Each structure stands twice: as structure tokens, then as C-alpha cells.
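The tour below moves from one selection to the next.

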Amino acid sequence: MLRTLGTRFGARLLPATVALRPGLGRKVSGARGQGWVQPAGHDTGVKVYNSLTRRKDPLIVGSADAASWYSCGPTVYDHAHLGHACSYVRFDIIRRILTRVFGCNIIMVMGITDVDDKIIKRANEMNVSPASLANLYEEDFKQDMAALKVLPPTVYLRVTENIPQIISFIEGIIANGHAYSTGKGNVYFDLQSIGDKYGKLVGVAPGPVAEPGDSDKRHASDFALWKAAKPQEMFWASPWGNGRPGWHIECSTISSLVFGSQLDIHSGGIDLAFPHHENEIAQCEVFHQCKQWGNYFLHSGHLHVKGKEKMSKSLKNYITIKDFLKTFSPDVFRLFCMRSNYRSAIDYSSSSMLEAKHLLLATVAFVEDARAYMKGQLASGPIREDLLWERLSHTKAVVKAALADDFDTPGAVGAIMDLIHHANRQLTAVTKEPGGPRSPAVFGSIIAYIEQFFETTGISLGDRQFVSGDSSSATLHSVVEELVRFRLKVRQFALATGEATREARRQQLLERQPLLEACDTLRQDLAAHGIGIKDRSSTSTWELLGQTSDHKPGS
């Protein structure tokens with residue numbers, strides 16, 4: 001069935017397009033979970049930490065074929081940084097696990113905030129229109145997410161393309177007695193109108209905050225649903241005058257457009273829990289007149305730098321995603337994220353990134369050695385095949401249990417590395433001859449399982465390990481430079497005879513002839529890949545065949 005959004009809202013908004021659970025189930029007792037109702041529907045087999053209850057609850061979605069997930073998207077006024085990346089990558093890993101391990105078809109909606117105080121301020125500084133600036137950084141964000149291998153949501157919805165729907169949503173809240181307009185053209189949510197129902201995430205309602213003297217709020221804790229237009233700002237017509245939406249109402253409307261009055265999963269960084277997600281809950285529950293709009297709220301921990309500081313633009317301690325990807329691959333960053341629980345704060349440093357890189361390289365090295373063993377290229381002593389089959393079966397059970405326990409990726413990665421350790425111990429017992437019985441099948445199964453695990457979480461193994469992003473061509477250039485420089489040194493050594501006698505020089509050249517032949521072979525092989533090397537009197541240059549400019553090593 002389709003969930004409509006009420007008569008007022010449904011007449012002016014798109015109807016909800018996803019069928020969700022038919023109703024809610026039993027109440028759950030407990031101090032923090034008081035009032036939370038465990039939903040009816042499909043039990044995923046996962047227990048997830050729910051910010052609404054502050055405990056691990058069974059993750060039950062409306063349907064395995066259509067689990068609803070709303071993700072807060074970016075405010076597009078600048079480049080995304082690694083703190084943003086950490087949250088999106090962590091939830092991408094969870095989404096992949098739910099889909100590929102636990103069989104849920106996720107319908108994910110992400111809202112794009114493309115009108116905001118920060119966008120307007122930045123646009124004025126750059127002397128461009130807010131719409132142009134937002135379009136630029138929205139595309140930049142999507143490119144960054146693609147470079148990090150974050151799956152796109154099922155649909156992106158922009159705020160500016162849903163202004164009439166937002167206005168209708170605000171009208172519904174006013175009609176239900178929970179918001180008011182002012183003579184200045186603002187509309188505020190009346191926080192006191194819902195009594196003690198506010199604070200499902202933070203536990204208590206916020207205290208009053210200092211307001212400017214010309215504030216037209218009834219109460220200091222009320223928050224804006226519609227902001228009256230200021231001079232030189234973009235605006236839209238509304239029943240209350242020209243203006244634009246408040247931040248919190250945008251996500252409530254966009255989520256409701258697709259999912260109606262009930263939502264399975266809502267995600268975002270922990271800094272969004274209050275006031276943003278708290279206000280979303282208040283808005284949706286009074287509009288839909290329901291007691292529980294969102295069933296599970298998942299929050300990711302901050303990325304810290306210097307031990308304790310949150311990475312943020314305001315602290316000017318951030319690293320853009322593009323700059324990061326010039327040094328490390330997206331696969332290394334994913335493994336870095338997986339080594340801590342998604343809810344935990346995570347410390348960023350060069351050393352922690354190098355640890356993740358070395359762990360990934362060690363995994364790749366094992367897979368290559370295991371393949372070499374399967375091909376008969378790696379000689380080994382007798383293999384305890386029975387122990388390896390037992391270890392593989394044990395690992396599969398441990399990994400599945402870890403992922404079902406609030407997506408415990410550190411536990412899963414630890415089990416995988418333990419499997420690699422045990423398998424490596426058998427491969428390192430090298431003998432001079434490969435005689436004796438061989439056990440390629442068990443290593444084939446181990447390789448397949450390890451590759452499947454990392455593929456599930458979005459990590460590529462083997463010769464696909466590259467630094468990605470805009471730095472790809474620069475990386476290739478540097479690799480060719482180093483290769484040509486090394487070849488030049490080998491060639492110069494092979495040709496150098498010094499002050500030796502004629503007979504000694506002839507003997508040296510004869511002995512070094514294999515080095516010159518290897519240099520010639522390398523030149524021919526690279527030519528097949530479109531790279532031409534030219535040997536000059538004292539140097540060598542290279543070019544991409546079909547182009548005219550020569551490169552000297554180091555130029």
C-alpha cells in the first residue's frame with residue numbers, strides 16, 4: 001500500500017512512494033527506552049545501537065524488500081573534508097553489510113541543502129549567485145563520494161526543488177497547533193506546545209538561549225520553520241511573505257515525501273543529534289500526528305585530529321577529500337574506518353593511515369602468495385588442511401556474528417586477519433622442492449572468502465590498489481619517471497668501463513650485456529603500453545606515444 005501524508009499535505013505534495021510496515025508492535029520497558037515501541041516487520045538479524053533508546057535493539061524494518069533510510073546530506077557551500085568522508089564511508093559500509101550480508105534492499109534518500117546562510121554568505125564573498133555556488137559544490141561532493149566509492153543514494157532531493165512541499169508541511173504543523181507566524185513574516189515551531197515529548201535523543205529539552213533584542217519568538221527555545229527574507233537574499237513567496245525554509249524543516253519534508261509517516265533508519269554524524277535530528281522528530285510527529293516517526297537513529301562518531309579536536313572547517317584543521325586521495329587510496333581509508341566502531345570517535349594521523357595501508361598490503365601479499373601456491377609456483381611443506389578448513393569455518397561464524405552485533409567491523413576485520421595469520425604460517429614453511437601432497441582447494445576457499453568480505457565492504461584487493469581521484473595521471477607520471485630513471489642508471493653502469501684496458505673493457509661489456517638486453521626489453525615492453533623511451537648520449541627521455549613533448553627523468 002502507499003502511505004499518503006494526510007489530506008492537507010497529500011493534496012500539495014507527492015504521495016509517499018514506498019510501502020512500509022503495517023503498524024507498530026509491543027512496547028519496550030526500560031529506563032531510557034521508555035515509550036519507544038519496537039516496530040513490527042522483518043527482523044534483519046542485526047542488533048543495532050539505537051540513539052532513541054541508548055541500547056542495542058533488534059533492527060526490524062518494514063520490509064526486507066524496501067527498508068527505508070534517510071541520510072542527512074551536505075550543505076553545499078565548500079569542499080567536503082575528511083570528517084564528512086568518515087561519516088559517509090562508515091554508513092556506506094553499514095548499508096553494504098545490510099544489503100549483501102543480511103539481505104535488505106535499502107531505499108536511501110539524501111537531502112541536499114542548497115539554500116542556507118553559509119551558502120548565501122560564501123556566494124556574496126565570491127560574487128556569484130547562491131544557486132551557482134550550490135550547484136558547483138553539490139557536483140564536487142558527488143565526485144568526492146564516487147572517488148571514495150560511496151554508493152549514491154537511491155535518490156537525491158534538493159531543498160530548492162521542494163519549496164512548495166515545505167510550505168505545505170509548515171502549514172500542516174500550524175494547523176495542528178504547534179507553530180505560529182509573526183508579523184515580521186517568520187514562522188516558528190512552538191516547543192512548549194508538545195510539553196515533555198521533546199528530547200527523545202538528548203533526554204531533556206534545551207534550556208533557553210540568549211536571543212537578540214528584536215527577536216519575534218514567543219519563547220527563546222522555539223526554532224524557525226520559515227525565515228523572512230532579508231535584503232539581497234534569495235527568497236520564495238509564501239502565505240507569510242517572501243522568505244526561505246529553516247534548516248530542520250527541510251529534512252522532515254523531504255523524508256516524508258518518500259516515506260510518509262514512518263521511517264526505518266535515520267543516520268548522520270553525532271553532532272546532528274541535537275538540535276537537528278531532535279527537531280526533525282518533533283516536526284514529523286506533530287505533522288503526522290504519530291507517536292513514533294523514526295524507529296532507529298544511527299549516529300557516527302567524529303573524526304579527531306591532534307588527539308581531541310573534531311575535524312571541522314570552523315577550527316581550520318581539516319583535510320579536503322581531494323588532498324587526502326593524493327596520498328592514500330579510498331580502500332586504505334575504508335579499512336581505517338573499519339578498524340573502529342562507527343559510533344566511536346576516531347583519531348586521524350599519518351601513522352594510523354599507514355597502519356591501515358600496511359594491513360591492506362599484508363592482506364594483498366597473502367592473497368598473492370596463496371594464489372602462487374595454488375599455481376604450484378610457491379613450494380611449501382605439508383599443509384594441515386583439516387586445521388585450515390576448521391579455521392575458515394570458524395572465521396565465517398565469527399565475522400557474521402560480529403557484523404550482526406551493531407556492525408562490529410573491528411571484530412570482523414580482526415577475525416579475517418587471524419585467518420590470514422594461521423594460513424600464512426602454513427605457507428611460510430618453504431622447502432627446496434614442492435614434492436609431497438598439495439592442498440590448493442582450501443587456499444582457494446580462503447582467498448574467495450577474504451575477497452568476498454572486502455568486496456562486501458567496498459574494498460578492492462590485488463593489482464587494483466591505486467591512489468584515486470584527480471591524482472591518477474600525476475601518479476602514473478611519477479611511476480614512469482622513477483622507472484626510466486632506474487633504467488638509465490642500469491644502462492649507464494652497463495656501458496661504463498672507466499680506465500680499464502681494451503681487453504678488460506671488452507670483458508666488462510660482455511659480462512654486462514644481459515643488463516643492456518634487459519633495458520632494451522623493458523623499452524620494447526613499455527612501447528606496447530604506449531610509453532616510448534629514447535636513449536640519448538648521456539640521458540634517456542620518455543613520451544606518451546602519439547604526443548610530441550619529451551620528458552627527461554626529474555623534469
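**Stop 1: I249 and its neighbours**

Select I249 and show what surrounds this side chain. Beyond four places in sequence, I249 is in contact with I166, F169, I170, I173, L225 and Q283. Bear in mind that the model is predicted. I249 sits in helix α6, residues 247-259. With a relative accessible area of 0%, I249 is buried. Now pick the C-alpha atoms of I249 and Q283. They are 34 residues apart along the chain, yet 7.2 Å separates them.

**Stop 2: helix α5**

Next, select residues 163-175, which make up helix α5. Which residues of α5 are buried? They are I163, Q165, I166, I167, S168, F169, I170, G172 and I173. A helix has 3.6 residues a turn, so residues three or four places apart point the same way. The 13 residues of α5 should span 18 Å at 1.5 Å a residue, and the end C-alpha atoms are 18 Å apart, so the two values agree. Step past the helix to G177, which follows α5 and has a positive phi, near 85°.

**Stop 3: the four-stranded sheet**

Switch to a cartoon view and find the open sheet. Its four strands run in the order β8-β9-β10-β11, with antiparallel pairing. Colour β8 (179-181) and β11 (243-245): these stand at the edges. Each has a single partner strand, so one side of each is left without a neighbour in the sheet. From one strand to the next, the twist averages 20°. Bring α5 back into view. This helix packs on the sheet and touches β8, β9 (187-189), β10 and β11. The direction of α5 makes about 125° with that of β10.

Zoom in on β10 and β11. Strand β10 covers residues 223-228 and pairs with β11 in the antiparallel sense over three bridges. Where does A228 find its bridge partner in β11? The partner is G243.

**Stop 4: G243**

Select G243, in strand β11. Is G243 buried or exposed? The relative accessibility of G243 is 0%, so this glycine counts as buried. Leaving out residues up to four places away in sequence, G243 touches W226, K227, A228, A229, F235 and W236.

**Stop 5: helix α11**

Now go to residues 385-404, helix α11. This helix has 20 residues. From first C-alpha to last, α11 reaches 29 Å, close to the 28 Å expected at 1.5 Å a residue. Show its buried residues: L388, L392, T395, V399, A402, L403 and A404. What covers them? The cover includes β3 (42-50), α2 (82-100), α12 (409-427) and α13 (440-456). Then select D406, which follows α11; its phi is positive, near 55°.

**Last stop: R512**

Finish in helix α15, residues 502-528, and select R512. R512 is buried but has no salt bridge. How far away is the nearest side chain of opposite charge? That side chain is E511, at 5.8 Å. Apart from neighbours within four places in sequence, R512 is in contact with F493, A494 and A496.

Definitions and conventions
Residues are numbered from 1 along each chain as its sequence is written. This is a predicted model: local features need pLDDT of at least 70, side-chain atom pairs count only at pLDDT 80 or more; totals for chains, interfaces and linings use all residues. Side-chain values use heavy atoms; hydrogens and water are left out. Helices (H or I, at least four residues) and strands (E, at least two) are DSSP runs, numbered from the N terminus. Buried means under 20% relative accessible area, exposed over 50%, partly exposed in between (1.4 Å probe, protein chains only). Lys and Arg count as positive and Asp and Glu as negative; His and the chain ends are not counted. A salt bridge is a side-chain nitrogen of Lys or Arg within 4 Å of a carboxyl oxygen of Asp or Glu. Contact means heavy atoms within 4.5 Å. The expected span of a helix is 1.5 Å times one less than its number of residues. Two strands pair if DSSP finds at least two bridges between them. Axes are lines fitted to C-alpha atoms, for helices over the stretch in contact, and angles run from 0 to 180 degrees between N-to-C directions.
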